Amino acid sequence: MSQIQTQSHQEDLVALLKVLSGEVSDDPIAVTQDFISKHPEQSEGYFILGVLTYLSGYVGDAISMIEKAHELDPDVREYAQALSSLYTKSDRLNDALYFAKLGVVLASHPQMAGILPPDLKNFVETAEHELIHSHYVTALVAFDQREFEKVISECELELKMDSSYVPALDLYARTLIEMGDYGYAVPVLQRVLQLKPNNVDYCLSLADALSHLGFFEQARDYIEKALQGAPGDLKVGVRAFYLLSLMPKAEQVRGAVWETLTQAGLTNEEPYFPYTPSSDGKIRIGFLSDKCYDCFEGSVLSHLLERFDKNLLEGHVYIQNINHDGVTQAIKNWADSSRPVYDVNDKTLALIMQRDQIDILIDMCGAGQNQRLAFVAHQPCGLRLSWLAPLHGGGLPGINFVVTDGSTDSAQARFLRAQQANLRLNGPVFARKPVRGYGDPSPPPVQSKGYVTFGAYLDFRALSDRDGALWVRLLTEVDNAKLRLHIGARISEIGLARLNEIFEPVGLLERIELYTPDEDERLGGFFDHVDIFLAAKTEKIDSIIKALWMGVPCLTRPDDEISYVTYSGAVLRAAGIPSWACEDDDAFLTVAKSLASNHGELAGLRNALRPQCAQSALMNVDSFALDFQGKLAEMFFTKIQKR
């Protein structure tokens, strides 16, 4: 737009605003229509006319006008807020929630802020005022904030009024999955599919729940149904690929899904915007993460940003998660800039990063639930790295390097494709500060019980596969030993039946103990009842760290047949205990039986492991940050600036 056009637009907008304020007496609709005719490519006229139409009682026409305003200028908060409330009034709740979240991200248009009526500013209040499934609306907001107990209670209230309301049933089931209550989620999702039999998202949710229960064949059937129902759909295909990657004996199907995604366009694409290297001596690092909250990855990112050398590096964080907690705030505090981007489209996000002058983008989303694979495939910024991203970094389009260490380098290398390489750190691939709030370790339970108690978190994906078979061998070879399974707050009838199916035929059911934490239990209380912790291939990193911190030895073993990279061995090697990352089944059994037979060693480890971890590379965040920053700087100077 020329300077003359810009000046004319601003002058006419000021004149229109004077009419709306009553400062100038004229017909506001006629003046607005005249403004649109003069400036058809400007958004304000359509928004103002939409508001005037809404105030006249025509919600549908108002939506059309404000949709046009949003199309012309998608970065205005007031347009998103108005659409969110108007869609709520039209019972289009999914669209309403989308724009409610989008409104949090966008910037305000100062001249339009005063135009937006108060009753169009708040999505939740509008929903409650309209009495449109208000409990469901509240549950939706709570889900995005990961307030899962609240989601359950609000969905139950909604379903008491309408037991067949599919959106509430679906949200109820998705929340049960997030809470690990897979056995309870299955019948809910089966009910949903009775009501909506061809919905691909519901099929994938049911496949997710069934997979976590070890019903892999049934899960694959529902995945296949979803793929047939949405051929070529990127979101459906990536989610199917993710679920199949976590299942045994699914490599062929997984490969076929990836091939379909590639044919559908998930491959390296030309950048939306050109990249120009920094010229002011600063290297700008962007982190794209959906784990910017209180979790292992969020804590590690916060520690890294805190130690960035501000004379050399700038850290910019693009937050893909909606929820916000203390770790989120810490990340924001330490970053040079941060912004939520979960509802920012790919091209707009590429433009934002170009304006931020990002040199190296580090993707932490990978192929996970909140993936941005299509965005990364368009090769934004100078180089793109994958770090701690599910399922693996290699093979994903747009990625140049995968950050590894001595423990994960060979595992990640299995997935690398042409023109991709590992960026191997000198030390561990992560480090975090010592765990806080945990009391002193208690004596090992074998001292009072007389038998060894192995412990694990219940995961039927592990019990139904090679880990389960290995643990059965261990229980068979260690006399009187028991396996205590952490089941969370409860276990479903389906879960109990699965335990019977696995352990009763081998005569070990009586040696299985189920553990549910008490409300007043201390942090790490589960490990007070465990002598040796068994880490499945699906184990969370934090669980292993907590076990070590409570003085409990932890054993794991790699599995080269799985289609993802695990970090259990990386934790143990970083903690200085590489022998517990066993090479194979026989080594695992040898180490486990040696520990189980030496009660004095178990007692000594109870007091020795915590100080060892605290002094190890696992918790030396200064050394890790220096190592990582050095690799990033070296990459910039050799791969970007030289080019």
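Some conventions come before the description. Residues are numbered from 1 along each chain as its sequence is written, and side-chain values use heavy atoms, with hydrogens and water left out. Because the model is predicted, local features need pLDDT of at least 70 and side-chain atom pairs count only at pLDDT 80 or more, while totals for chains, interfaces and linings use all residues.

Let me begin with the seven-stranded sheet. Helices (H or I, at least four residues) and strands (E, at least two) are DSSP runs, numbered from the N terminus. Two strands count as paired if DSSP finds at least two bridges between them. In the order E3-E2-E1-E4-E5-E6-E7, seven strands form an open sheet with parallel pairing. Strand E3 (337–340) and strand E7 (421–424) are its edge strands, and each pairs on one side only. On average, neighbouring strands of this sheet are turned by 25° against each other, direction ignored. For such angles, axes are lines fitted to C-alpha atoms, for helices over the stretch in contact, and the angles run from 0 to 180 degrees between N-to-C directions.

Within this sheet, strand E1 (residues 283–289) and strand E2 (residues 313–319) run parallel and are joined by seven bridges. Ile285 has Gly315 as its bridge partner in E2, and Ser289 has Ile319. How many of the residues of E1 are buried? The count is seven of its seven residues, where buried means under 20% relative accessible area, exposed means over 50%, and partly exposed lies in between (1.4 Å probe, protein chains only). In a regular strand the side chains alternate between the two faces of the sheet. In E1 both faces are covered: Ile283, Ile285, Phe287 and Ser289 are buried on one side, and Arg284, Gly286 and Leu288 on the other. Ala264 counts as partly exposed because its relative accessibility is 46%.

The next topic is the five-stranded sheet. This open sheet has the order E10-E9-E8-E11-E12, and the pairing is parallel. Strand E10 (512–515) and strand E12 (554–555) stand at the edges with a single partner strand each, so one side of each is left without a neighbour in the sheet. Five bridges pair strand E8 (residues 453–457) with strand E9 (residues 482–486) in the parallel sense, and Gly455 has Arg484 as its bridge partner in E9. Helix H26 (residues 541–549) packs on the sheet and touches E8, strand E11 (532–534) and E12; its direction makes about 175° with that of E11. Contact here means heavy atoms within 4.5 Å.

I turn now to the cores. A nonpolar core is a set of buried Ala, Val, Leu, Ile, Met, Phe, Trp, Tyr and Cys residues joined through side-chain atoms within 4.5 Å. The largest has 187 residues, of which Trp387, Phe430, Phe454 and Leu548 touch the most other members. Helix H30 (residues 621–641) gives the largest share of this core, nine residues. A second, separate core has 33 residues, including Leu16, Val19, Leu52 and Leu106. Among the contacts of Phe454, not counting residues up to four places away in sequence, are Leu474, Val478, Ile532 and Ala596.

Which residues lie nearest the centre of the second largest pocket? They are Ala100, Lys101, Val104, Gln145 and Tyr342, out of a lining of 25 residues. H6 supplies the largest share of this lining, six residues. Helix H5 (77–89), helix H6 (93–105), helix H8 (123–130), helix H9 (134–144) and helix H18 (326–334) each supply at least two residues. A pocket, on a 1 Å grid over the protein atoms alone, is an open set of points where a 1.4 Å probe fits, with protein on both sides within 12 Å along at least five of seven lines; lining residues have an atom within 4 Å of a point.

Finally, two single residues. Asp144 lies in helix H9 and is buried, with a relative accessible area of 15%. Leaving aside residues up to four places away in sequence, Asp144 touches Leu97, Lys101, Ile322 and Asn323. Ile36, in helix H2 (residues 28–38), counts as buried because its relative accessible area is 13%.
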